[in-house]
Amino acid sequence: MKIAVVGTGYVGLVTGTCFAETGNQVTCVDIDERKVEKLRKGKLTIYEPGLDVIFDRNTKEGRLKFTTNLAEGIKDAQVIFLALPTPPGEDGSADLKYILGVANDLGPLLENYAVIIDKSTVPVGTAEKVRERVAKNAKVEFDVVSNPEFLREGVAVEDFMKPDRVVIGTTSEKAKKVMEKLYAPLVRQGNPIIFMDERSAEMTKYAANAFLAMKITFMNEIANLCEKAGANVDDIRRGIGTDSRIGKRFLFAGIGYGGSCFPKDVQALEKTANEFDYDFKILKSVMKVNEKQKTKMMPHVKAYFDGDLKGKTIALWGLAFKPHTDDIREAPALYNIKELRKAGAKVVVYDPEAMENVRGVVGKKVKYAKSPYEAIEGADALMIMTEWPEFRTPDFDKMEAALKNKVIFDGRNLYELKDMRDLGYTYFSVGRPLTPKGE
């Protein structure tokens, strides 16, 4: 099948590359000439584990191509994916200017029947708007389908190639047959393709992300209560996670969620609710709690240093919003860097993948270390912001020699309390008892 993917951001590049891997001829279109030129030269523009292997294979075998020319990119395409940014506007609603702009351009360029697919996360009613824009100048038949993505950064290739489910919103039997053929290689193990109307498909993506954000936030609220009540959130997580009605995933307490999806999608769903005059109280609480949770370690840091951080050097391990990605959008680390600097502290940071992205935002306001141990050399304390695997089993002897004080403020609960106690660290974590030095 000949496929066009408009937009080579995270979703577009993964989508295009993975469909090329299943034997399709894919052309990715982007207006960014520098990005397209880089991709043509075989250089990925995002970090995603496993993507490089299939990207290299499909570009070399000629199934994956790139262009800045929309007409060239969609020529003879049976399927056209719109994988364009939907950034939050000033009022929190998803900004559809990129999607609707391309929809305007597509109409006169279509030469044959095509299925136009909204792959971006978009509000209810977007498919109808896209259809109207394309129809203004279209001379051939077409269908507009909603096909939201459910990719987790860090495991996106696996999620795409082995999806839990594929959600497709369409009322067209012709489009349905095209979509069944397109996704057939990915659902051979029996995972379902779920067909529904376009509005329901659009709402499904927001509902899924909002529910997961709510689940994370609920556990963070439980963790905050545990700290006051003298309970341990890890025990509670195990106690409720074994209940099949609840499940084990998204129950780890920490310093809040970030990234490109949860914050934006929760905000956009709340905005949609407002448009339909519905007061979605849970979503408002989720956003409020998560915003505060990101810097929940700061009061502990300030208290440990008797309220005075001036001249103190604080090391941060982890900058990305989650491990296995270089994405720093809404990352808790950025909020903590801001608060630490406001309090007069010097900040040294380390992350395996996200350093350059942070440098582009923060610049020279922090020091960038080449390794975790360089980051803590001479530091007064360590804060852990991201649960990268390499932070889970560090050389504690090496750490003890590097840190001025044996104190760790762990926003991701990486270490066992008993181990920290035995090692003599003052160890602050989320929703668990404090482990004071010498206890």
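Select F19, F81, F160 and Y183: ring pairs link these residues into a cluster. Rings of Phe, Tyr and Trp (its six-membered ring) pair if their centres lie within 6.5 Å; planes under 30 degrees apart count as stacked, over 60 as edge-to-face and the rest as tilted. A search of the whole structure finds 17 aromatic pairs. Before you go on, know that this is a predicted model, where local features need pLDDT of at least 70 and side-chain atom pairs count only at pLDDT 80 or more, while totals for chains, interfaces and linings use all residues. Residues are numbered from 1 along each chain as its sequence is written, and side-chain values use heavy atoms, with hydrogens and water left out.

Now pick F250 and F262. How are the planes of this pair arranged? They're tilted, with 40° between the planes and 6.4 Å centre to centre. F250 is in the loop between helix 10 (233–241) and helix 11, while F262 is in helix 11, 12 residues apart. (Helices are DSSP runs of H or I with at least four residues, strands are runs of E with at least two, and both are numbered from the N terminus.) F250 is partly exposed at 27% relative accessible area, whereas F262 is buried at 14%. Buried means under 20% relative accessible area, exposed over 50%, and partly exposed in between, using a 1.4 Å probe and protein chains only. Check the backbone of F250 as well: its phi is near 65°, a positive value in a residue other than glycine.

Next, select Y278 and F280. Their ring centres are 5.8 Å apart with the planes at 80°, so this pair is edge-to-face. Y278 is exposed at 51%, and F280 is partly exposed at 27%.

Show K176 and F195: the charged end of K176 sits over the ring of F195, 4.9 Å from its centre. Then try K205, which lies over the face of F150 at 6.0 Å from the ring centre. To count, NZ of Lys or CZ of Arg must be within 6 Å of the ring centre and within 35 degrees of the ring normal.

Colour P263, K264, Q267, K294 and E330, which lie nearest the centre of the second largest pocket, lined by 15 residues. Helix 11 (262–275) and helix 12 (281–293) each give two or more residues to the lining, and helix 11 gives the most, with 5. On a 1 Å grid over the protein atoms alone, a pocket is an open set of points where a 1.4 Å probe fits, with protein on both sides within 12 Å along at least five of seven lines; lining residues have an atom within 4 Å of a point.

Move on to S172, in the loop between strand 7 (166–169) and helix 8 (173–183). Is S172 buried or exposed? It's buried, at 17%.

For a last stop, go to N413, in the loop between strand 13 (407–410) and helix 18 (417–423). N413 has a positive phi of about 55° although it is not a glycine, and at 13% it counts as buried.
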